[in-house]
Amino acid sequence: MSRTITAGTATTPERREAARKRAVDEGIEMRQVRSTDLWVASSGSNPAAAYVVKIVDGQVISCTCKAGEMGTYCKHRAAWELMREVGA
Ligand SMILES: [Zn+2]
């Protein structure tokens with residue numbers, strides 16, 4: 001069993017909550033790259049920013065943003081989970 005993204009870091013409920021709030025505030029949108037397990041996260045507030053999020057078995061495995069590379073619970077991961085929860 002591997003838990004790559006959280007290895008070595010503690011994801012607190014506060015960090016999760018903050019990431020979710022930023023995801024909503026910044027209008028982050030998730031778009032699946034057709035027929036792959038990759039999703040592109042783009043920000044409504046910064047059109048120049050886009051990151052690739054990898055999903056395996058319904059879990060966010062990695063994100064290419066700075067926070068994601070550090071294994072931190074980032075806003076892109078939050079955006080994906082929020083999207084899943086509303087069933088979009
Ligand atoms: Zn990210």
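This is a short chat about a predicted model of one chain.

Biologist: Before I dig in, what kind of model is this, and what pLDDT do local features need?
Modeller: It is a predicted model, in which local features need pLDDT of at least 70, side-chain atom pairs count only at pLDDT 80 or more, and totals for chains, interfaces and linings use all residues. Residues are numbered from 1 along each chain as its sequence is written.

Biologist: Okay, how many helices and strands are there?
Modeller: The chain has 3 helices and 4 strands, where helices (H or I, at least four residues) and strands (E, at least two) are DSSP runs numbered from the N terminus. Along the sequence they follow the pattern α-β-β-β-β-α-α.

Biologist: And which residues are buried in α3?
Modeller: In helix α3, residues 75-85, the buried ones include Lys75, His76, Arg77, Ala78, Ala79 and Trp80, buried meaning that 20 or more other C-beta atoms, placed from the backbone, lie within 10 Å of a residue's own, while 12 or fewer makes it exposed and anything in between partly exposed.

Biologist: What covers them?
Modeller: The cover includes α1 (13-25), β1 (29-32), β2 (38-42), β3 (50-56), β4 and α2 (66-69). Just after α3, Gly87 takes a positive phi of about 75°.

Biologist: Switching topic, where is Ser62?
Modeller: Ser62 lies in strand β4, which spans residues 59-63, and its C-alpha atom is 9.8 Å from that of Cys74, 12 residues away along the chain.

Biologist: Why does Ser62 count as partly exposed?
Modeller: Because Ser62 has 18 other C-beta atoms within 10 Å.

Methods:
Two residues are in contact if their C-beta atoms, placed from the backbone, lie within 7 Å.
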